[in-house]
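Hi,

Here is the structure I promised to send over. Have a look at it first, and then read on for what turned up in it.

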Amino acid sequence: MNQTSVLFLCLGNICRSPLAEGVFRAEVTRRGLAGEVRVDSAGTGAWHVGEPPDPRSVAVARDNGVDISQQSARRLVVEDFERFDWIVAMDGDNLRTARERQPKGAHARLVPFMDYVPNAPGRDVPDPYYGGQQGFAHVYALLAAGAGPLLDAVIAARGA
Ligand code: 4NP
């Protein structure tokens with residue numbers, strides 16, 4: 001079967017997208033697709049490059065049985081638009097920035113994560129950086145709700 005690949009994108013790559021990467025990878029593994037779906041994350045900004053995820057993201061992931069502590073932040077690079085089949089943006093700002101950087105005719109399919117959350121409460125996975133742990137729990141809940149539907153779409157779109 002063809003391999004497929006998904007890159008999660010946020011602003012800093014320390015709060016939302018590392019958690020999205022971990023939650024989605026857990027769903028991929030749960031379904032026995034670990035060898036078939038490559039998962040990564042990146043940020044549009046460079047402030048936190050090389051840093052591990054925010055301790056609040058690490059904590060909410062750990063509370064739900066997912067270890068994201070070994071991840072390291074990196075910035076979105078133009079090659080990502082060829083290396084990945086999907087780039088999944090956490091919010092409208094991330095989506096807009098990615099569109100601006102997307103080369104003409106780029107390969108990657110660029111989508112908002114919230115398109116895959118059933119009964120989505122809005123268009124954005126809210127940035128939890130300046131809030132408390134509660135915001136991270138909310139982000140986790142959105143990511144957990146959308147991971148399965150997103151994986152369904154990724155598998156359905158994969159070349160037969
Ligand atoms: P993220 O959250 O985009 O979910 O990783 C943020 C992390 C850092 C900053 C903003 C948002 N910051 O301003 O440094």
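A word on the labels: helices (H or I, at least four residues) and strands (E, at least two) are DSSP runs, numbered from the N terminus. This is a predicted model, in which local features need pLDDT of at least 70 and side-chain atom pairs count only at pLDDT 80 or more, while totals for chains, interfaces and linings use all residues. Residues are numbered from 1 along each chain as its sequence is written, and side-chain values use heavy atoms, with hydrogens and water left out.

Let me start with the ligand. Around it (a heavy atom within 4 Å) are Cys10, Leu11, Gly12, Asn13, Ile14, Cys15, Arg16, His48, Asp127, Tyr129 and Tyr130. This shell divides into 6 nonpolar, 3 polar and 2 charged residues; here Ala, Val, Leu, Ile, Met, Phe, Trp, Tyr, Cys and Pro count as nonpolar, Asp, Glu, Lys and Arg as charged, and the others, Gly among them, as polar.

A polar backbone atom of glycine 12 is 2.8 Å from a ligand oxygen. For leucine 11, a backbone N or O atom lies 2.9 Å from an oxygen of the ligand, and for cysteine 15 a backbone N or O atom is likewise 2.9 Å from a ligand oxygen. The protein buries 92% of the 350 Å² that the ligand exposes when taken alone (Shrake-Rupley areas, 1.4 Å probe).

Asparagine 13 deserves a look of its own. It is found in the loop between strand E1 (4-10) and H1, and its phi is near 60 degrees, a positive value in a residue other than glycine. With a relative accessible area of 2%, asparagine 13 is buried (under 20%; exposed is over 50%, and partly exposed lies in between, with a 1.4 Å probe and protein chains only). Its side chain makes a polar contact of 2.9 Å with the side chain of serine 17 (N or O atoms within 3.5 Å, one able to donate a hydrogen and the other to accept it; residues adjacent in sequence count only if both atoms are side-chain atoms). Serine 17 lies in helix H1 (residues 16-30) and counts as buried because its relative accessibility is 0%.

Finally, the loop between strand E4 (109-112) and helix H5 (133-157) holds aspartate 124, which is partly exposed at 38%. Asparagine 119 has its place in the loop between E4 and H5. Its phi is near 50 degrees, a positive value in a residue other than glycine, and asparagine 119 is exposed, with a relative accessible area of 78%.

Best wishes
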